[in-house]
Amino acid sequence: MKRTLSKLACGAAACAIMAGAANAVSAADSSVEVLHWWTSGGEASALNVLKEDLESNGVAWKDMPVAGGGGEQAMTVLRARVTAGNAPTAVQMLGFDIQDWAAEGALADLNSVAAKEGWDEVVPAALQRFAKHEGKWISAPVNVHSTNWVWANKKIFDELGIAQPSSWDDLVAALDKIKAAGYTAVAHGGQPWQDATIFDAVVMSVGGPDFYKKAFVDLDPAALGSDQMKEAFDRMATLRSYVDDNFSGRDWNLASAMVIEGKAGVQFMGDWAKGEFLKANQKPEEDFLCFRFPGTQGTVTFNSDQFAMFSVDEEGQAAQVKLASSIMAPSFQSAFNVVKGSVPARTDVSDADFDACGKKGMKELAEANASGKLFGSMAHGHAAPASVKNGIYDVVTAHFNGEFDSATAVEELVSAVEVAQ
Amino acid sequence: MSAASKDTALRTGVIARALIYSILLVFAVFYLLPLFVMLVNSLKTLDEIRQGNMLAFPEVFTFEPWIQAWGEAQIGVEPTGLKPYFINSLVMVVPAVIISTLLGAINGYVLTKWQFRGHRVVFGLMLFSCFIPFQIVLIPMARILGILDLAGTTSGLVLVHVVYGLGFTTLFFRNYYDAFPTELIRAATIDGAGFFRIFRRILLPSSGPIIVVTVIWQFTNVWNDFLFGASFADFDSQPMTVALNNLVSSSTGVKEYNVHFAGAILAALPTLIVYVVSGRYFVRGLMAGAVKG
Amino acid sequence: MLIATLFSSDPLSFVSGKAKPLCQWRLKLLFENAVTMIERLQTYLPRLVLSPSFVLILLFVYGFIAFTGYLSVSDSRMLPSLGFVGLENYEKLFSLRHWSIALKNLAIFGILYIVICTVIGLGLAILLDMKIRGEGVLRPIYLYPMALSFIVTGTAWKWFLDPGIGLENVMHLWGWESFSFNWIKSREMAIYTVVLAAVWQSSGFVMAMFLAGLRGIDNEILKAAQIDGASNWQLYRRIVIPMLRPAFLSAFVVLAHLAIKAYDLVIALTNGGPGRATELPATFMYSYSFTRNQMGIGASSAVIMLMMIASIIIPYLYSELREKKT
């Protein structure tokens, strides 16, 4: 038996060596491999601008698109790639994921290019919270999406004589009117992240910035278990009564389509929804309205797509720096964000090319940044780490789907956050 | 194996037969429905899909979605359509199927005709490997591929698919060869034929049905795999399923359902053809090997 | 191959040649050596041929299972980490409401899926076996779903089940206004739509297995029973179905492992929703391991899944391998 085993081991080793030798191919010299989930339609062609930019600089772009679940699939792939010792040059990433990877020591140091181009001065501090780790720039932010927007059908608002609501009570009154007129009041897709996107705004409207920070950033059990939180869940239940029967599992863009087609009054969604309206040839302020979730004016909850830069060998570093610098170039920031619906990740970009909603978004972002009311969105992984975020998702979604009442939801929330930490 | 004559001994009346045919037809409709939905809607314009009846035939036939899906749709930063990924898949599937089938055949041969002490345990261990949830192997597999310098290559994917296909291919061939008369092998050995000669000259030529089953099984599994393809492929080796997923699940933007359905059918075409063309042999092969106790 | 001769049990074969002219002796030695080598090879070759496969399986299956087992008692979060934390992950796992939902769903899904697939598969096989005209057309129609992945058919099913655009809408358009089919939107019923789609996918395959089993039954037995006056019903209940036992077993094993591994089906159809109502252990494990950065909990759920699979498969393997002495 021993003999057989030793033979087996021998065979396997030879096998492995041969396989290794046959495939020892070194990576190409000046190229960047980019893992991202902007895999189709407008955002993919917007990214193509970046690709052409780099190619004119002599850097080849190796495209590694992996779609699915807002980047979840891409993150799985990334784990496999890093474990295999085959990390891409740059990876599209959100919020805490960047910090987690930095803590693993997997990310590159961009400080020299950042210092040369003065990133520290132009990128909002709230974004730097994610783009820097222990004083080192590790990723290049592409955009800022703000998530506390309301998208409304102007025709329905005009027809029913509804003014732009500015408080929770106004909003409820407006929704009542829309519902009474036979429309679906709230166009919504029942997916956990969409439920949580609304929850973000609702929590902000109930308790204001301080409460939001205590609950979602500091994860303070007292705030999570407070009466205000119960009030937030009650408001979620109220909003639940304004969605149609068919909301569950609906993609967000189909919900936007309901507003566009005049079947529904409003949608609560981040600014990427704007792209849908524009594509349907609608004009801001003429066909649709964009305003902040009532009760959250002046504050902005955001998420930011960034390209985290992984440690690469010396040859790759030059190309990587070129990539980072191209991403941060004001011309790209403007061109990309006009298409994407978001606003640039630096505050010194001209708003000339943006539409009315875009200009509004840029202005409000700058103001919120200045007044310290710019917060990471919990729903989009910019307030708390992924495990906590998903724990909160579970509770919010279960409550929104009627699995338990607000009082139970508050208890569940406290324990979900505790388990996840 | 083929002892049963084709005519059944059952007596059935006219009404019973009508009933049988209608039940069979109802199920045929049930099985065909999703394919029908995809096909019909892939031939419609997007406008017609939006307002229309999912089951209705298109008012205006258009092949535009098919052309789009194959060669023009935006997948990643480049509008390449599914075409290049189709080729990636083929390059991966063909060697994976051939290698795992051959290994399965030879393993089955050893485990039935050259049994050694502990052969049952070996077979049991190999068979159990069919049943592990593949998600658990992602991380350690990635590490091993990295060590072997196979990360992100087609060869790496072939290796993965061979390893996790071995259990089933071995099972199929073992059960098939089990029924193969051992006397023939003995006679051949006495005539001086060696291990490989017997395999090549005696067993392989009569393995047609089970090879069909194994190839169909492996081909569909490898072709349809998403998890391994997404996790272990590189920018230049991503298979069709990953590209299809990229096509259909964009995070923003208009969903072009007609293009999605056309792409979906394109992605499924090779497996569909394999099933339809060799379906007859499939049941025959199952009969010969796979379902024997 | 040299190694094989080294282990030759008859070392004297090297020198079995007697005193002869040198070169002849050498030739002879070479020849005899070769003969022994071949003989030895014949004994070890089968094992040698099998060994690469076996090593691959040992490493890539059992090695990885062991690795997962270790992860389940480690403090791994985003990437594997080796800090030992005892059974903490298991404690957390079983305190999660989420996990008990997943287990309950697996019970519902698994039982219904296996039973319905078996019933439909057996029924169709029996009917198809009655000298049906057009069998050649029907059979591939029943079989083809197995050839498609749910990445492909998921959207079609989602549409079909969606009340807004699917079956319900079509029925309304056709004038049946009161028709209602909104299972996929309902927390209680959504898991049954998963069963429906899964049955669609695999019942044809089960049919093929039973059909193969039926075709393997000797018709003479049936005829003899008929002469004895057995009715069709008795024929099937007393003779045919008992003879299909191996097919039942194979079908059960294939279906059971598909049920436990069911993943892309759920992702494509409901993505675990509404709420978390259609979460299954496989989706649970994936999300904890890869999207929630709680790899330890994910690994512990994987270990539980493996134990469930083993409890089904090992008795089967045992009976299968013991019964048949060849």
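Me: I'll start with a term: a residue counts as buried if 20 or more other C-beta atoms lie within 10 Å of its own, exposed if 12 or fewer, and partly exposed in between, with C-beta atoms placed from the backbone. What makes A:A131 buried?

Reply: First, a word on the source: this is a predicted model, in which local features need pLDDT of at least 70, side-chain atom pairs count only at pLDDT 80 or more, and totals for chains, interfaces and linings use all residues. Residues are numbered from 1 along each chain as its sequence is written, while chains are lettered from A and ligands numbered from 1 in the order in which they are written. Now, A:A131 has 25 other C-beta atoms within 10 Å, and the cut-off is 20 or more, so A:A131 is buried.

Me: Which residues is A:A131 in contact with, leaving aside its neighbours within four places in sequence?

Reply: They are A:V123, A:W137, A:I138, A:S139, A:P141 and A:Q306. Contact here means that the C-beta atoms of two residues, placed from the backbone, lie within 7 Å. As for A:F307, it sits 176 residues from A:A131 along the chain, and their C-alpha atoms are separated by 9.0 Å.

Me: Where does A:A131 lie?

Reply: A:A131 is in helix α7 (residues 125–131) of chain A. Helices (H or I, at least four residues) and strands (E, at least two) are DSSP runs, numbered from the N terminus.

Me: What makes helix α13 (residues 252–260) of chain A mostly covered?

Reply: Eight of its nine residues are buried, namely A:W252, A:N253, A:A255, A:S256, A:A257, A:M258, A:V259 and A:I260. Their cover includes β8 (149–153), β9 (184–186), α10 (192–217), β10 (264–269), α14 (273–279) and β11 (288–292) of chain A. Just after α13(A), A:G262 has a positive phi of about 75 degrees.

Me: How many residues does each chain put into the contact between chain C and chain B?

Reply: Chain C puts in 87 residues and chain B 79. Helix α2 (residues 22–71) of chain C brings the largest share of the chain C side, 16 residues.
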